[in-house]
Protein chains: 2
Amino acid sequence: MAAEEDAEALAAARPLLTDLYQVTMALGYWRAGRARDHADFELSFRRCPFGGAFSLFAGLRDCVRFLRAFHLRDTDVQFLASKLPPDTDPAFFEHLRGLDCSRVTLRALPEGSLAFPGVPLLQVSGPLLVVQLLETPLLCLVGYASLVATNAARLRLIAGPEKRLLELGLRRAQGPDGGLTASTYSYLGGFDGSSNVLAGQLRGVPVAGTLAHSFITSFSGSEVPPEPMLAPAVSEGPAVNLPAHVKVWLERVCAHLGLGKQEPHPGERAAFVAYALAFPQAFQGLLDSYSVRRSGLPNFLAVALALGELGYRAVGLRLDSGDLLQQAQEIRGILRSTAARFQMPWLERISITVSNNVDEEELARLVQEGSEVDGIGIGTSVVTCPQQPSLGCVYKLVCVGGQPRMKLTEDPEKQTLPGKKAAFRLLDADGSPLLDLLQLAEEPSPQPGQELRVWPRGAQEPRTVRPAQVELLLGLWVHRGQLCQPLPPLAESRAFAQRSLGHLRAAHRRLQSPEQYQVALSEQLQALVGSLSPRSSP
Amino acid sequence: MAAEEDAEALAAARPLLTDLYQVTMALGYWRAGRARDHADFELSFRRCPFGGAFSLFAGLRDCVRFLRAFHLRDTDVQFLASKLPPDTDPAFFEHLRGLDCSRVTLRALPEGSLAFPGVPLLQVSGPLLVVQLLETPLLCLVGYASLVATNAARLRLIAGPEKRLLELGLRRAQGPDGGLTASTYSYLGGFDGSSNVLAGQLRGVPVAGTLAHSFITSFSGSEVPPEPMLAPAVSEGPAVNLPAHVKVWLERVCAHLGLGKQEPHPGERAAFVAYALAFPQAFQGLLDSYSVRRSGLPNFLAVALALGELGYRAVGLRLDSGDLLQQAQEIRGILRSTAARFQMPWLERISITVSNNVDEEELARLVQEGSEVDGIGIGTSVVTCPQQPSLGCVYKLVCVGGQPRMKLTEDPEKQTLPGKKAAFRLLDADGSPLLDLLQLAEEPSPQPGQELRVWPRGAQEPRTVRPAQVELLLGLWVHRGQLCQPLPPLAESRAFAQRSLGHLRAAHRRLQSPEQYQVALSEQLQALVGSLSPRSSP
């Protein structure tokens, strides 16, 4: 597994996966004698995605893996040399060859944290040249991971805790790694699993899958299974010929449903039988290759009942077209009547999973009170985040050589918050977050029970707040290249995200027109911003 | 480079990068004795993206690379075994261990082709089990590549042939590989280059980049360059102290512009000087870290003129906020007056590049008649394809054991076109495409100059068409695992895409409310669809 992870790290985050300007700037810093100046960068986002009032932070494990593996190979340096002026001092390339992150320190929110605009997700400190080079890969690793985790969390909020949510979007992702990232972080954000096998192998995401239409349409019905016999599930009884058994059950089912026994498609039934022979303990059907009502459902029931007679219980069925809610209701009714008719009570409770362009709105409809849908597969809408396909993170220099730095610009939204900061979450007595406080790293921490005056971002006036609890937000993960604490397993980060969301006040958590969560500056930070802003000098 | 490409292939497209249901179906096929049945799948899309009437096809080189490297390692098979029933016949896993694509044949459109709904982009033939397993990775490799190439082609159509378009979206991509795919295929679709260094190294995409705000804000102005001397560009004259020279020029520039010489930010100027010392032949400035008019522009001009005196010509400047069009006009005016004032005529023509959330609408504004913008950097809007972040390709079984297959379903849009097909593009005498024709593989090809009757998709009646020229669309790329023809270099596919788009009638090419391009079925294919559809039996 270690070699596996190395290959993955190499693939995911090679140092040349960066913008060329990071390299031209590196030469500029080097030429100016500033390559080793100590610099502090902060990575944050400017607005919560999807019109919501929260985001989740994700991607930390990928960033840590990237930092620890960071090294330019000879071929990398040669390629860079081919893109820089031919008279560039060879000592610069020697410097590049020796680069690593052994002097880089990384502070970050825990993976799966609630995150808000302007609060650093990552703080990266180290030699100016190298921490500048890290910009693009870190943005790339954090931006989409956090976006898709947040998107998944929204879908989980809509679905409620009980419904099973599966991510099926690999084929709609931005290439292979987009798919792997999507599967990993939609799980972190609250999905139950993914269809993506590689995400299972490399990241431990629970994987799920049954069969597609092509499996069903590949059968005409004339196929003869080489081994049609199936032994009962538990008893010692003799094996039976499953296809023959299914044929008998089909007649009963068609009679019960008032269908002609010729109506259900024989190829679809042969496909279900083939699948049942391979997965007798976990039989599932996909019902809409021909006609759900006249073919898919009776064929499914015939196989499920034949299996049931042998002591196996079918586990579920899937629908992939049409009105998914309405069909689920009808099918549940038929499952009930069939279960009663043939005295197989477990049949009425088998899982109904649906898929087909499910977005937030359709999901809300599918999980409404009384819905018979148990599981929902979501592809495009979770993976591509169509409501807002980019989080728009930024990575800004806040301090160099201990001196605060600020990008002023004439666009106020693009101004940065100067200085190396500490970040705190102030909570009420119930553990609900009140606001996030940014202050300069050297200021004393806010104390529980103690009133303090803060400047909400964008407000003209300060306010006071008295937190019952105070959380330090940014933990030390990598100190001068060394991992300081183990990264929690993905499932643990997933649980942390759900707990954190559970503590967020409903007004901030709601998806439509939420109340914005406050991020505030300490008086000292506010004063620093003022002193560096041109508007402070009349 | 070969090892590099292997690592890339491994990373990009491992066989386990697939949906679990491909594996459960594999077991189903194997259990049914059908693993080696000959099957034909076709990969196509249902609707052109972005409300347009064309798409580009891209991703072929990745598909070919994936097919040729396809092999399950022992650790892969072990992982799959852990996800399948414990009593699965070990012979199935032996079968998986021996799988490769040595019996798989791939036909496809050439990379960069115009592509239309329902026309196969890929045809994949081979043993049922293995060609089924290929579904998800092929969809993943083709879908986003084609989408981003099409998106880039639209942006190129808006920009016209002269403006320089740069893709800067790595940080907004779905993780590392999403960024690599985006850079590669936005170049194919018509961009001039990318900021993404890895796309340059691995794919030969032209790369570009200069400096970011952090470089500028990292300088306070108190820094002293270790080597401030710069020799003249060509003459034998003595080296001069560049910062001192710039200081002299700043006074002249401020006098010319009516600014106080204290107004331009000294840190910004120090950053420009540092960059100029590293890149005297290719000096560029980013003007909006503080104030374009009062700081960025005068600092830039001072450095550019100091360089100019030494015989170097600054190559360009960049703006990243505010009204980009209006600023470009103003700056061009100042460049002209400054060029005239100081008799450096080249200065008035330096390139103005802009960036900042440029989308189709903003791009149209930036390239309007009389605009002084020369280059446009686009990130989020090209990489995330926000207008439609997924192409929605499908991979459908059309034939098994020589028998046509069709997914009927009750949703007409999800019905498939049965049978293994040939596809032709019928052209008029000027080489403009008239329509694409799908027919069964065994039918004789349509002949130039000969009238034929075809059934446009969705129409109730046939029409006749007399093509002046006929193009066979699907070429043989991989025959039983062997590459049949070399894949053209990326730049060649890019030129092919631009030529193809140039031949498309303007009515189809226009981006808003275009006329749909016809895809038609031969009479024989139309009859086959009819014979397999339930509606044909009254």
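In what order do the seven strands of the open sheet in chain A stand? The order is S15-S14-S1-S5-S3-S21-S22, and the pairing is antiparallel. Two strands pair if DSSP finds at least two bridges between them. Helices (H or I, at least four residues) and strands (E, at least two) are DSSP runs, numbered from the N terminus.

The model is predicted: local features need pLDDT of at least 70, side-chain atom pairs count only at pLDDT 80 or more, and totals for chains, interfaces and linings use all residues. Residues are numbered from 1 along each chain as its sequence is written, chains are lettered from A and ligands numbered from 1 in the order in which they are written, and side-chain values use heavy atoms, with hydrogens and water left out.

S22(A) is joined to strand S21 (residues 475–479) of chain A by two bridges, and the two run antiparallel. A:Val478 has A:Leu483 in S22(A) as its bridge partner. Helix H7 (residues 135–159) of chain A packs on the sheet. There H7 of chain A touches strand S1 (38–45), strand S5 (122–127) and strand S14 (393–400) of chain A. Contact means heavy atoms within 4.5 Å. The direction of H7 of chain A makes about 135° with that of S14(A). Axes are lines fitted to C-alpha atoms, for helices over the stretch in contact, and angles run from 0 to 180 degrees between N-to-C directions.

Strand S23 (residues 518–522) of chain A is largely enclosed by the rest of the structure, because four of its five residues are buried. Buried means under 20% relative accessible area, exposed over 50%, partly exposed in between (1.4 Å probe, protein chains only). Strand S17 (residues 433–440) of chain A pairs with S23(A) in the parallel sense over four bridges. Here A:Leu437 stands opposite A:Ala520. Strand S18 (residues 452–456) of chain A runs antiparallel to S23(A), with three bridges. A:Val454 has A:Ser522 as its bridge partner.

Helix H8 (residues 175–188) of chain A packs against helix H8 (residues 175–188) of chain B. Their axes lie 6 Å apart, at an angle of about 150°. H8(A) and H8(B) are therefore roughly antiparallel. Angles under 35 degrees count as roughly parallel, over 145 as roughly antiparallel, 65 to 115 as roughly perpendicular and the rest as oblique. A:Gly175, A:Pro176, A:Asp177 and A:Thr181 meet B:Gly175, B:Pro176, B:Asp177 and B:Thr181.

A:Ser195 lies in the loop between strand S7 (193–194) and helix H9 (197–203) of chain A. Its relative accessibility is 3%, so A:Ser195 counts as buried. Not counting residues up to four places away in sequence, A:Ser195 touches residues including B:Thr18, B:Asp19 and B:Leu20. B:Arg31 belongs to helix H2 (residues 20–31) of chain B. At 18% relative accessibility, B:Arg31 is also buried. Leaving aside neighbours within four places in sequence, B:Arg31 contacts A:Pro226, A:Glu227, A:Met229, A:Leu277 and A:Ala278.
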